[in-house]
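Visitor: I am new to this structure and would like a close look at a single part. Could you take me through the place where the two chains meet, and then through what lies around it?

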Amino acid sequence: MILVEAFNWILANPGTFFSAFNRHVLMCVISLGIALVIAMPLGLVVARSPRAAFVAINVAGSLRSIPSLAILSAAMPFLGIGLLPSVVALVVLAVPPLLLNTVVGIREIDPSVLDAANGMGMARRDIRWQIEIPLAVPSILAGVRTSAIQVIGGAALASFIGGGGLGDFINAGIAIMNMPRLLVGAVPIALLAILTEVLFGWIERSVTTRR
Amino acid sequence: MIRLDHVTKNYEGSGRHAVDNLDLVIETGTTVAMIGPSGCGKTTTMRMINRLETPTSGRVLVNGRDVAETDPQELRRHIGYVIQQVGLFPHMTIERNIATVPRLLGWDKARTNRRIDELLDLVGLDPAVMRRRFPHELSGGQRQRVGFARALAADPEIMLMDEPFGAIDPITRVRVQDEFRQILKKVRKTVVIVTHDLDEAIKMGDRIAIMRDGRLLQYDTPAALLARPADDFVASFLGLDRAIKRLNLITVEEIMDRGHVPGPVPSIAAEASLQHALARLLADDLPGLAVTGTDGSFVGYVSREAIFSAQR
């Protein structure tokens, strides 16, 4: 059974496996963090103007259609190899869903809620922090989930440009035609993605049921 | 007192006045119903009072002060604001919704809490049950009651209400109208209520302002308006049944013949409206009705002719 062989390989080489695993997770968390810092404030600003929101939604939409491999490969000629170009490429991958969902989350707020807030004398900043952001949270969380899954999958390709991570096992497995080695990379990536989906799905639901 | 002084509002590119040289004085403690066809400028007029809209020219004065010179947020915190879709914050409990303005004004917790209970009682909702609920758990009528309580939270002198009953089903609407009218009478507010429903305007307003194409056509008490429409448009807006509507504004007690107390004939209560009395007369084909006081004793008589002449 190749799955058992893969598992045995991990038990025999825990240091190699976990350094790749940690690298993978670190890459994802950093990229996602940077993407959040870019996409959320941008989304909040852009959502105010219908025209800017329209442009943002369309640009983000077309960025999303670029395959992950193309983005990662495109980073190499400009930034060389290693962690940095990988993270930059993953950020490009992660920003569109986050931006999209932030803008949609804000724009879907019932206008009468904002009219009431305004009419009661809430300041612009109060409306932003007490009304707009909390009401957009479920939508933003859905964006984080989509982005996280994109990034976890995308990070598997970082290996091609020397970014490291679990993709290294996949590449090695293919190169030496060693299927168990390939699964050492592939299965944990799949499990990470599923776990993220389930976890964020649960967080989203627990936040949304309160309204 | 609210005073609109030659107020005009143009929207860029619309090519016409949304509000056209409007002069209007709203006395302290009175309720004014603003009515007219859609696009007549009634909502825009209301929204200029709390600076949600800015006049192109002219002034809006609240208690003698030009609102253009006030801080808009400060101004709005002291003017209650109720809208058709209520606009409760869906992610906040009822108590937090009601506490919005007290929070902005920096009230302490104990005072805010007392006020929330007081207001929920006032609008007929049980604080013990309602405080921790979320807006989606309430019916339309309950939501508007909470919206009303939220607007009253900091005890503002002025209340602006934009079609406050528009989103409530017709049966609940009548009850909520009655309740709000009682409450507004009790708390003595200066109220501007925008509506497109004539019966609502007659019921709620001490005075009615009829608008069309941004201009004020007539500003009068309901009785005067129904009796003497200023022009053909107002007359047709009020409808052919305005004479009957007017009977609704007069009670039997006001016109009954106190000297004439007949024997046990069909009777009607003294506080009933003439419309009600006429309906009884027509239904049972009677020449007149005995009038009973609150204790049930006969206090007078109202005849068909008396009702007809009250109309004139």
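Guide: What follows is a walk through the contact between the chains, and then through some salt bridges and a surface patch elsewhere.

Please keep in mind that this is a predicted model. Where the two chains meet, 24 residues of chain B are in contact with 19 residues of chain A, and the two chains bury about 1800 Å² between them, with 63% of that area on carbon and sulfur atoms. On the side of chain B, the residues that lose the most area to chain A are Tyr81(B), Phe89(B) and His91(B), which together make up 28% of what that side buries.

Turning to the polar side of this contact, there are 5 residue pairs in polar contact between chain B and chain A, counting pairs with both residues at pLDDT 80 or more. Helix 2 (72–77), strand 6 (79–83) and helix 4 (100–104) of chain B each give two or more residues to the side that touches chain A, and helix 4 of chain B gives the most, with 4 residues. Between the two chains the count is 1 salt bridge, and in it the side chains of Asp115(A) and Arg47(B) meet at 3.1 Å, N to O. Asp115(A) and Arg47(B) also belong to a network of salt bridges that links them with Lys9(B) and Glu53(B).

In chain B, Arg131(B) forms a salt bridge with Asp117(B), the closest N and O atoms being 2.9 Å apart. Arg131(B) lies in the loop between helix 6 (127–130) and helix 7 (140–152) of chain B, while Asp117(B) lies in helix 5 (residues 109–122), so the pair ties together parts that are 14 residues apart in sequence. Arg131(B) counts as buried, at 13% relative accessibility, whereas Asp117(B), at 30%, counts as partly exposed.

In chain A, Glu132(A) forms a salt bridge with Arg128(A) (3.3 Å, N to O), and because these residues are 4 apart in helix 7 (residues 124–156) of chain A, about one helical turn separates them. Both Glu132(A) and Arg128(A) are buried. Glu132(A) also forms a salt bridge with Arg124(A), at 3.1 Å between the closest N and O atoms, and Arg124(A) is partly exposed, with a relative accessible area of 38%.

Finally, chain A carries a nonpolar patch on the surface, whose residues, among them Phe54(A), Val55(A) and Leu63(A), have about 900 Å² of accessible area together. Helix 3 of chain A gives the most to this patch, with 4 residues.

How values were computed:
Residues numbered from 1 in each chain as written. Chains lettered and ligands numbered in written order. Predicted model: local features only at pLDDT ≥ 70, side-chain atom pairs only at ≥ 80, totals over all residues. Heavy atoms only, no water. Patch = residues over 30% accessible without salt bridge, like charges linked within 9 Å, V, L, I, M, F, W, Y side chains within 5 Å. Areas by Shrake-Rupley, 256 points an atom, 1.4 Å probe, with all protein chains shown as cover. Salt bridge = Lys/Arg side-chain N within 4 Å of Asp/Glu carboxyl O. Contact = heavy atoms within 4.5 Å. Buried area = accessible area lost by both parts, 1.4 Å probe. Polar contact = N/O pair within 3.5 Å; in protein donor to acceptor, adjacent residues only side chain to side chain. Buried < 20%, exposed > 50% of the residue type's maximum accessible area, 1.4 Å probe, protein only.
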